[in-house]
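The sequence and the structure are shown first, and a description by region follows.

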Amino acid sequence: MKSAIAALAALAFITAAKAEQPYAQDRIVWNKPTAPFHIIGNVYYVGTAGISVYLIETRKGVILIDAALPESVPHVERNIKALGFDLKDIKIILAGHAHFDHAGGLAAVKRDSGARLFASQADKPVLETGQIDYGPCKDVPFDPVKVDQVVKNGDKISFGGVTLTAYLTPGHTRGCTSWTMPVVENGQKHTILFACSLTVGGAPLVGNTAYPRIIDDFRHSFSRMRAFDTDILLTQHPYNADELGKASRVKAGAPNPFVNRDDLGRYVDAAERDFDAELARQSAKP
Ligand SMILES: [Zn+2]
């Protein structure tokens, strides 16, 4: 009996510990290391196995998109160096959205590189406090980081011969930002879409007083995303567009597997289906 009580107490302790550590298991899975790889043209992957960080080489230095989890930073920085870059080469960091798993590493990477951080107005307060005010991520604060330049919908960032255009695709966060960029490889022109996340991620859709426009924003972003004219989809979690699988299928002389006009439609359709199901589930709640 005593041992049963002890076991129950231990279980209660483990359960409580788990409750105190939201996303504890996800973080372990997401943070598994993966080697950096070339995607196309001047674009590389330097993230972890579960969280994307993209590196864009320019004539004046490097642009980085996102910085993954705080605990991912040593791995991301190692990947950047493994490609032959110095951390001081990073001149600009673009924030996709203000959740701990993409923005948690921003403060450290910014400190180590001296880069300037660009982000949307709507995500700026979350980045600068390290605290979102709704949904499960509100229990996972991260190191606050100063935003040096705010980007609006349609803003172009030109640096070292590269131009990225910002598009606000809110819903997943209030300021979720996607970026497009032309790229040339083997004389062929392509357009990359660095797509912001489209998942609900456990956020309240119904009765979200902190973010009352959340449903409208998601709907608007689904149609905005679908309208992008892109043949290369890169997402913030690499399983969304099978980025790691594609990397393993790259073969010299064969078509680049990252070029695929169907990826975007598939990505948005799946996200919208999940959104509709989650909205129906939340709406049916008594
Ligand atoms: Zn997120």
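## The helix α5

The buried residues of α5 are L106, A107, A108, V109, K110 and S113, where buried means under 20% relative accessible area, exposed over 50% and partly exposed in between, with a 1.4 Å probe and protein chains only. Because six of the eight residues of helix α5 (residues 106–113) are buried, the helix is largely enclosed by the rest of the structure. Helices (H or I, at least four residues) and strands (E, at least two) are DSSP runs, numbered from the N terminus. The buried residues of α5 pack against β4 (61–65), α3 (73–82), β5, α4, β6 (116–120) and α6 (124–129), a contact being heavy atoms within 4.5 Å. After α5 comes G114, which has a positive phi near 80°.

## Basis of the model

This is a predicted model, in which local features need pLDDT of at least 70 and side-chain atom pairs count only at pLDDT 80 or more, while totals for chains, interfaces and linings use all residues. Residues are numbered from 1 along each chain as its sequence is written, and side-chain values use heavy atoms, with hydrogens and water left out.

## The seven-stranded sheet

Seven strands form an open sheet in the order β1-β2-β3-β4-β5-β6-β7, and the pairing is mixed. Two strands pair if DSSP finds at least two bridges between them. At the edges are β1 (37–40) and β7 (149–151), each of which pairs on one side only. From one strand to the next, the twist averages 25°.

Strand β3 (residues 54–58) pairs with β4 in the antiparallel sense, over five bridges. Within this pair, L55 has L64 in β4 as its bridge partner. Helix α5 packs on the sheet and touches β4, β5 and β6, with its direction at about 160° to that of β5. For such values, axes are lines fitted to C-alpha atoms, for helices over the stretch in contact, and angles run from 0 to 180 degrees between N-to-C directions.

## The five-stranded sheet

An open sheet of five strands has the order β8-β9-β10-β11-β12, with mixed pairing. Because β8 and β12 stand at the edges with a single partner strand each, one side of each is left without a neighbour in the sheet. Neighbouring strands of this sheet are turned against each other by 25° on average, direction ignored.

Strands β8 and β9 pair in the antiparallel sense over four bridges; I157 stands opposite L164 in β9, and K156 opposite T165. These two strands form a hairpin with two residues between them, and G160 in the turn has a positive phi of about 55°.

Seven bridges join β10 and strand β11 (residues 188–194) in the antiparallel sense, with M181 opposite I192 in β11. Their hairpin has two residues between the strands, and N186 takes a positive phi near 50° there. By contrast, β11 and strand β12 (residues 232–234) run parallel and are joined by three bridges. The bridge partner of L193 in β12 is L233.

## The zinc site

The zinc ion has H97 (NE2), H99 (ND1) and H172 (NE2) as its protein donors, lying 2.1 Å from it. Donors are N, O and S atoms within 2.8 Å of the metal (3.2 Å for Na, K and Ca); water is not among the atoms, so sites may look incomplete. The spacing of the donor residues in sequence is H-x1-H-x72-H. Distant parts of the chain are linked by H99, in the loop between β5 (90–94) and α4 (100–103), and H172, in the loop between β9 (162–168) and β10 (177–185), which are 73 residues apart. H99 is buried, with a relative accessible area of 8%, and H172 also counts as buried, at 9% relative accessibility.

## The largest pocket

The largest pocket has a volume of about 310 Å³. On a 1 Å grid over the protein atoms alone, a pocket is an open set of points with protein on both sides within 12 Å along at least five of seven lines, and lining residues have an atom within 4 Å of a point. Grid points are joined across faces, edges and corners, and a volume is the space filled by probe spheres set on the points. Of the 22 lining residues, D101, H172, T199, G201 and H237 are the closest to the centre of this pocket. Helix α4 gives the most to the lining, with three residues.

Notes
On a 1 Å grid over the protein atoms alone, a cavity is a set of points where a 1.4 Å probe fits but cannot get out, and a pocket is an open set with protein on both sides within 12 Å along at least five of seven lines; lining residues have an atom within 4 Å of a point.
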